Amino acid sequence: MSRKGYFSYVRVSTQRQGTLGTSLDEQQAAIERYAERFNLRIIKQFEERETAAKLGRPVFLDMLKALRRGKAEGLIIHKIDRSARNLKDWADLGSLIDRGVEVHFANESLDLNSRGGRLSADIQAVVAADYIRNLREETKKGIYGRLRQGLFPFPARPGYLDAGKGKPKRIDPVQGPLVKMAFETYASGKYGLNTLVERMYELGLRNKRNKKISRNGLTCILKNPFYMGVIRIAKTGQVFVGSHEPIVSKSLFRDVQNVFAGKRLPKTHKHFFAYRRLISCAGCRNFLIAEIQKNHIYYRCQSRSCPQKTIREELIEKRILDAFEKLRLTDHEHSLLEKYAREYQKEAPERLNEAKKLLEIELSQIENKLAKLADAYVEGVFDKDTFLSKKNEAIIRKEEIVEKLESLNIEQTDNLQDFHEFLELLKTASLSYKLGTLSEKRELVQIIFSNCEAEGKSLKIKMKKPFQTVLDRDRFPAGRPRQATPRKIVAWVKKVLFEACPDGYFVRSSRQLD
Ligand SMILES: [Zn+2]
């Protein structure tokens with residue numbers, strides 16, 4: 001039946017052969033008997049002889065490689081004992097089985113054609129799968145552990161040198177200054193990328209293989225916040241504060257990003273004012289107007305009588321950053337929010353039904369109301385205008401409810417996606433703000449702030465709903481001071497959660513018609 005045939009694999013440890021293990025010949029014979037019984041054709045035999053000098057299992061690994069390439073239908077193996085050191089073999093076999101490779105065991109206790117044998121193999125596959133999972137988690141832990149310590153767990157980028165595991169990268173004394181020069185030159189806006197590549201090559205900038213750094217490579221360098229001291233994992237977008245010495249300042253890095261984004265630099269005439277029409281005056285409520293004076297940007301209230309003086313952009317940024325930093329959750333807060341979010345989600349179908357019921361009740365009330373309105377008008381209780389405005393009001397609300405009901409019937413109950421994005425934003429807001437281009441900064445402020453007023457040198461910031469509640473954590477709720485803290489924090493967590501997913505089928509009929 002099988003087209004390709006099977007591999008056989010035997011292993012013997014020469015140190016204990018003859019006493020504990022089964023000899024190669026015995027294993028081989030058992031495999032052959034098994035193959036004959038089930039009509040499996042052996043096309044290649046693999047033998048592993050482990051000696052004290054040569055540890056590991058090179059033959060096994062070669063065989064796995066061939067199996068992965070589809071060189072055989074499957075594998076017949078004598079047995080692999082479940083000692084800790086062989087768990088890796090189980091893991092490898094488990095992944096082969098996942099790829100559709102047949103794995104047979106020639107020793108009688110593991111006949112895959114019997115139920116017991118299958119069960120045993122399944123259990124071992126589970127053990128193997130668990131082992132793989134654990135292995136992955138361990139490596140992840142390793143990487144994330146190091147990232148959290150500010151260490152970059154990958155080879156050094158150009159301009160830096162590896163200083164060994166557990167140590168921050170150090171600046172390459174030759175390439176480091178050249179990288180810095182590349183940033184400065186690009187920030188000046190005088191050269192395009194192609195010219196910069198050639199120029200930097202002439203000056204001696206090289207990659208790790210001592211070759212010219214391509215346009216692509218240089219772009220990666222110029223966009224990598226690692227050079228200003230921040231580790232960003234491109235795949236996940238996560239950022240960590242690095243413990244290595246930066247090559248460029250944050251403002252130089254930002255200038256370079258602005259050049260990439262096509263933004264002009266402060267020296268040029270036209271300027272992109274990040275906080276244009278975002279900051280108002282606490283005195284007169286007008287927006288502050290941006291202006292440049294002696295290379296600094298100021299925001300000024302134009303009202304003559306207003307006591308509000310100018311406020312410098314750097315100061316505005318500092319205040320905003322302070323506010324964003326307060327959004328960052330503690331691990332405890334974060335895990336509590338996660339926990340309640342999961343519970344909240346569990347109840348979503350129930351809440352959905354409740355919401356629908358409430359809306360339906362309100363709908364019938366409105367219809368009732370509409371009928372009564374008509375009667376009241378006919379009876380002359382109020383004039384035509386009053387009647388029409390009351391009728392309109394009711395009809396608009398009715399349409400809203402119908403629309404809402406329709407959407408509730410379509411919408412999925414999984415609304416946690418948004419919530420996780422929200423949690424991520426809390427975590428990264430301050431750093432994203434710090435690293436962002438001018439337009440990204442502006443966008444963040446627009447997303448998070450509902451109002452921002454300048455009063456002298458300070459800013460009165462009001463954030464949008466879930467964000468403001470996050471900030472208000474300390475005074476939430478104003479309960480008895482002796483009351484246990486958990487209760488307080490739970491109330492806070494719930495409020496944040498409800499505000500962050502207002503449509504988490506926590507719909508209340510917000511407007512009541514009298
Ligand atoms: Zn004013």
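What share of the 514 residues in the protein chain is buried? Buried residues make up 24% of them, where buried means that 20 or more other C-beta atoms lie within 10 Å of a residue's own, exposed means 12 or fewer, and partly exposed lies in between, with C-beta atoms placed from the backbone. The model is predicted: local features need pLDDT of at least 70, side-chain atom pairs count only at pLDDT 80 or more, and totals for chains, interfaces and linings use all residues. Residues are numbered from 1 along each chain as its sequence is written.

**Overall make-up**

- The protein chain has 16 helices and 14 strands; helices (H or I, at least four residues) and strands (E, at least two) are DSSP runs, numbered from the N terminus.
- Of the contacts in the protein chain between residues at least 6 apart in sequence, 61% join residues at least 24 apart; a contact requires C-beta atoms, placed from the backbone, to lie within 7 Å.

- Two bridges join the antiparallel strands β11 and β12.
- Opposite Ile 311 in β12 stands Tyr 299.

**Positive phi in loops**

- Most residues other than glycine have a negative phi.
- Arg 285, which is not a glycine, has a positive phi of about 70°.
- Arg 285 sits in the loop between β9 (280-281) and β10 (289-293), and is exposed, because 11 other C-beta atoms lie within 10 Å.
- Asn 295 also is a residue other than glycine with a positive phi, near 65°.
- The loop between β10 and β11 (296-300) holds Asn 295, which counts as exposed because it has 7 C-beta neighbours inside 10 Å.

**Helix α9**

- Helix α9 (residues 313-325) has 13 residues and should span 18 Å at 1.5 Å a residue, which agrees with the 18 Å between its end C-alpha atoms; the expected span is 1.5 Å times one less than the number of residues.
- Ile 316, Ile 320, Ala 323 and Phe 324 are the buried residues of α9.
- Glu 314, Lys 318 and Asp 322 are exposed residues on the face of α9 turned away from its buried side.

Note on methods. Contact = placed C-beta atoms within 7 Å. Pairing = 2+ DSSP bridges.
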